[in-house]
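Here's a short walk through one model, with the cut-offs spelled out along the way. Have the viewer open while you read.

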Amino acid sequence: MTGSPIRTLLLWCPDWPVLAAEIVDGVPATGPVAVLHANRVVACSERARAEGVRRGLRKREAQGRCPQLTVVEYDPGRDARAFEPVVAALEELVAGVEVVRPGACAVAARGPSRYLGGEEAAAERLIEHVAQSCLVESQVGIADGVFAAGLAARAGQVVAPGGTPAFLAGMPVEALGRSALADLLRRLGVRTLGDFAALPAGDVLARFGFDGALAHRLAAGRDHRPLAVRQPPTDLTVTSAYDEPIDRVDAAAFAARALAEQLHDRLAGHGLACTRLGIEAVTEHGQELHRVWRHDGLLTAAAIADRVRWQLDGWLSGSNGRAGARPARPTAGIIRLRLIPDGVIAQAGLQTGLWGETGEERERAHRALSRVQGILGPEAVVTAVLGGGRSPADQVRLVPWGDERLPARPGPPAVAGADPAPGGDRAGGDRAGGDRAGGAGRPADRGGGVPPWPGRLPPPAPAVVLPSPLAATVHDATGEPVVISARLAVSAVPARLVVGDGRPAEIVGWAGPWPVDERWWAPAEARRRARFQVSLADGTALLLAVESGQWLVEAIYD
């Protein structure tokens with residue numbers, strides 16, 4: 001606990017919950033307004049007080065005293081949002097502001113009093129600046145410590161240095177803001193803060209506990225903590241404006257390199273590294289473009305430059321690097337480019353791993369793959385990310401090298417290490433929560449908050465997942481087609497398999513079906529199928545699926 005309180009300037013906005021309701025919700029604060037929490041009044045307007053409304057009254061009693069009363073529910077988030085412009089206005093004149101609560105903020109008085117011409121002049125300047133910037137009336141109090149300055153602000157008073165204990169001595173014990181303690185003190189005959197401060201500290205601690213001891217220190221004019229000043233965030237963004245609009249990819253690459261090095265140097269100066277990069281561009285016609293790039297590791301200057309170049313190439317050429325619709329090209333060249341480090345972490349040097357986890361080989365591979373991306377584009381090098389799903393194709397997502405390795409579906413796959421074929425489908429769409437599935441598959445683990453995937457295939461996982469399933473037919477021993485009924489009944493034992501126009505292959509073993517009915521609530525996206533594992537006479541094992549009466553080969557087991 002601090003021995004001598006800091007000389008503190010506190011700015012207080014009266015009836016702030018009422019003013020916040022006016023700023024955010026448009027409730028006129030000039031009328032009779034009361035803010036309620038737990039059915040009791042916690043703040044009211046001046047007009048409501050003139051009608052007899054007081055803090056602590058129940059809603060019905062307050063409305064009985066003022067039938068025209070406008071009732072507003074207490075919302076601390078609304079109060080904080082509305083108070084932010086007031087804090088920002090103060091920070092234009094003073095540094096080290098602490099938000100005590102929405103409606104009150106404090107700052108050490110020593111600095112403002114020196115460069116604003118004294119304590120009283122500083123108080124007047126801050127009140128005037130808040131009124132002009134935010135159209136909010138406020139009062140300032142200056143005393144030794146935050147608690148005393150808050151009480152002084154209610155009277156708009158500047159307490160002389162060293163006079164705080166005498167200023168507090170005549171205050172009622174209710175000024176402590178502890179209703180239960182104040183009620184007990186009054187019943188014991190202690191009615192003012194001076195009477196309370198005169199009690200021995202040891203006896204107060206033994207009788208009233210730790211909170212009572214803290215209140216005892218406040219009553220004596222000794223704050224129990226220093227100011228917790230707010231540190232404004234450092235602006236790490238870099239911006240570059242161009243006299244000649246950039247409309248060529250080579251010029252964009254040159255601009256990207258220079259701006260990326262500037263951003264990297266600024267981050268390094270603060271001991272930071274970027275993991276998520278925001279790129280903003282403004283064209284000559286005022287069109288605004290924005291994109292965020294995520295990275296699994298730390299973005300170097302070269303990596304930042306590559307991503308900026310890729311993005312500018314996509315904007316200027318109208319290509320996003322993937323098959324499909326091409327985005328519209330801007331109608332004019334780029335005149336302003338801005339890089340925003342949307343996600344930063346502390347920069348730490350990489351130490352060579354004893355067993356190669358972060359050693360030289362890994363770094364060489366990273367540089368080589370990044371170089372390939374720099375030449376061919378971000379989609380040229382992809383890696384597989386395993387996630388949740390019911391089928392092998394659902395459990396794998398291909399992401400560009402260096403991007404965040406986040407699965408498309410929550411939860412671990414049925415078997416770790418599934419190896420999709422190059423170009424295999426990426427996992428998409430459904431979650432397990434609303435889909436119906438069943439069959440012989442093992443239920444997914446439910447530990448660790450991972451959602452289950454009922455109906456997922458049991459291990460082992462197939463070695464190759466086909467990019468597009470192959471049409472097939474399955475026959476029984478008599479040559480009749482094998483069909484699956486709506487109740488998942490197999491018409492006969494599968495005996496032969498024909499894939500496309502190939503030769504028939506004998507089925508020597510099979511398991512299933514594992515049914516799944518996904519997105520049944522959306523007819524346009526619904527998918528109902530049953531899956532089988534089959535072994536052929538030549539030793540091949542396949543994953544088959546029946547969908548809309550058609551047999552399909554989805555994957556091949558090793």
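Is C13 buried or exposed? C13 is buried, at a relative accessible area of 1%; buried means under 20% relative accessible area, exposed over 50% and partly exposed in between, using a 1.4 Å probe and protein chains only.

Some ground rules before going further. This is a predicted model, where local features need pLDDT of at least 70 and side-chain atom pairs count only at pLDDT 80 or more, while totals for chains, interfaces and linings use all residues. Residues are numbered from 1 along each chain as its sequence is written, and side-chain values use heavy atoms, with hydrogens and water left out.

**Cysteines**

A disulfide here is a pair of cysteine sulfur atoms within 2.5 Å, and by that rule the count is zero. Two cysteines show why: their closest sulfur partners are too far away for a bond.

| Cysteine | Closest cysteine sulfur | Sulfur distance |
|---|---|---|
| C13 | C105 | 7.0 Å |
| C66 | C44 | 9.8 Å |

C66 counts as buried too, with 0% relative accessibility.

Helices (H or I, at least four residues) and strands (E, at least two) are DSSP runs numbered from the N terminus, and two strands pair if DSSP finds at least two bridges between them. Four strands make an open, antiparallel sheet in the order 5-6-1-7. Strand 5 (98–101) and strand 7 (139–144) are the edges, each pairing on one side only. From one strand to the next, the twist averages 25°.

Strand 6 (residues 104–108) is joined to strand 5 by three bridges and to strand 1 by five, antiparallel in that pairing as well. C105 in strand 6 is the bridge partner of V99, and L11 stands opposite C105 too. Four of the five residues of strand 6 are buried, so the strand is largely enclosed by the rest of the structure. The hairpin of strands 5 and 6 has two residues between the strands, and G103 there takes a positive phi near 110°.

Helix 7 (residues 146–155) packs on this sheet, touching strand 1 (7–12), strand 5 and strand 7. Contact means heavy atoms within 4.5 Å. The direction of helix 7 makes about 145° with that of strand 7; axes are lines fitted to C-alpha atoms, for helices over the stretch in contact, and angles run from 0 to 180 degrees between N-to-C directions.

**The largest pocket**

How much space lies in the largest pocket? About 1,400 Å³, counted as the space filled by probe spheres set on grid points joined across faces, edges and corners. A pocket is an open set of points on a 1 Å grid over the protein atoms alone, where a 1.4 Å probe fits and protein lies on both sides within 12 Å along at least five of seven lines; lining residues have an atom within 4 Å of a point. The lining runs to 44 residues, with R55, R101, R154, A175 and G177 nearest the centre. Helix 7 gives the most to that lining, with six residues.

**A buried glycine**

G389 sits in the loop between strand 12 (382–386) and strand 13 (396–400), and counts as buried at 1% relative accessibility. Leaving aside neighbours within four places in sequence, G389 is in contact with D394, Q395, R409, W453 and R456. G389 and R456 are 67 residues apart in sequence and 6.8 Å apart in space, C-alpha to C-alpha.
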